[in-house]
Amino acid sequence: MSFAGFSNIETKFAKSVANFGPVLPGVLLCVVLALAGKGLRLVPGLDLLGPMALAMALGMGIRAAMPLPEAVMPGVRLSAVTLLRAAVVLLGLQLTLADLLSLGLGGLAVTTTALFATFALTLWAGRLLGVAPDLARLIAAGTSICGASAVAATRSATGAGAGDTAYAVACVTLFGTLAMVLMPLVPPLAGLDAAGYGLFVGASVHEVAQVAGAGFRHSAEAGEAAMVAKLSRVLLLAPMVLVLAAWCRRGRTGDTTGEGAAARLPVPWFVFGFLAMVLVASSVELPDPVRTGAGEATTFLMTMALAGLGLSTDLREIRARGARPLLLAAIAALFIAALSLLMVTVWM
């Protein structure tokens, strides 16, 4: 290669470093908070919470304790938006269409009915309680689909505020953790076998990690059934986010004041990346190290994203929302648990 060729490569590299420079402090801060969130799970009592919720709480604490330097904000915004979308794309490698089919028609009927009914009920109850539509949608997505990941993906596609998102993540973390602790008490009371209990847990508990905790505490068979049922809900993340994004865009562009057009939302292309990864995982036998590595990368990127979200959230905004959204999240959590249990005991 000629000297000119090396010079061109060096120039491009220098430009890339220069472009990355402004976001580096904020990204590094989010990395530190994500690592701290993972480490805090080793503390007794905090192991019930996921690293995402812990990293977000740390970010919110830092934001409340001190003003953030402007130098970190570009990286914080990159983590909360771009890295979140990358995590959603990678999440697709954890899912296959074979997982969905292995659930059977009865299991699919339970999970999809519980998901859509809970989403609709939450939006309806949110209107009755006077909860802001953006926040009600986030709570509905987190409760009915897959916890903090669904909240974050919905926020990225619908343009909801950081305060609403943090409140919704806190709600689904709280009630998902309660479900993980209390649900192992259900089988003897409801007469559920391992497979039925696993389906019940997978159809109703919020986070994937919470589903694993509640399912495997009963037995390996229940844990595996719970994870398959949960994956069927996660697969519906993509179509739900696309529908919500289209709904929000239509509402904003239909604003007669002209403000909606200025706030027009982008098409959530990352959702198509998620679907593409599902197709890849479904058509190619990925080596276990690849799937495991992709799963760990997904969790870490999502944890960084929620750390960035915490750093962007003012606690006063959350307090201003009052207790009604918390009541809405409680109603949604009780509804999806009761409906799932009813369907499992009647249909299965």
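**View 1. Accessible surface and overall make-up of the predicted chain.** The accessible surface of the chain is about 15,800 Å² (Shrake-Rupley method, 1.4 Å probe; for residues, only the protein chains shown count as cover), and carbon and sulfur atoms account for 70% of this surface. This is a predicted model, in which local features need pLDDT of at least 70 and side-chain atom pairs count only at pLDDT 80 or more, while totals for chains, interfaces and linings use all residues. Residues are numbered from 1 along each chain as its sequence is written, and side-chain values use heavy atoms, with hydrogens and water left out. The chain has 18 helices and zero strands; these are DSSP runs numbered from the N terminus (helices H or I, at least four residues; strands E, at least two). Of the 348 residues, 48% are buried, that is, under 20% relative accessible area, with exposed over 50% and partly exposed in between (1.4 Å probe, protein chains only). Among contacts (heavy atoms within 4.5 Å) between residues at least 6 apart in sequence, 80% join residues at least 24 apart.

**View 2. Helix H4, residues 73–91.** The end C-alpha atoms of H4 are 26 Å apart, which agrees with the 27 Å that its 19 residues should span at 1.5 Å a residue; the expected span is 1.5 Å times one less than the number of residues. A kink of about 35° is centred on Ser79, the bend being the angle between axes fitted to the seven residues ending at a residue and the seven starting there. Buried residues of H4 include Ser79, Ala80, Leu83 and Val88.

**View 3. Two nonpolar cores.** A nonpolar core is a set of buried Ala, Val, Leu, Ile, Met, Phe, Trp, Tyr and Cys residues joined through side-chain atoms within 4.5 Å. The largest one has 75 residues, and Val88, Ile145, Leu237 and Leu306 have the most contacts inside it. Helix H7 (residues 133–158) gives the most to this core, with 14 residues. Another core, of 26 residues, lies apart from it and includes Val186 and Met343. Beyond residues up to four places away in sequence, Leu306 touches Met52, Met56, Ala148, Ala152 and Val169.

**View 4. Gly142 in helix H7.** Gly142 counts as buried because its relative accessibility is 0%. Leaving aside neighbours within four places in sequence, Gly142 contacts Gly147, Ala150, Val151, Val172 and His206. Thr173 is 31 residues from Gly142 along the chain, and their C-alpha atoms are separated by 9.2 Å.

**View 5. Cys30 and Cys146.** Cys30 counts as buried at 0% relative accessibility, and Cys146 counts as buried at 3%. The whole structure has zero disulfides (pairs of cysteine sulfur atoms within 2.5 Å).
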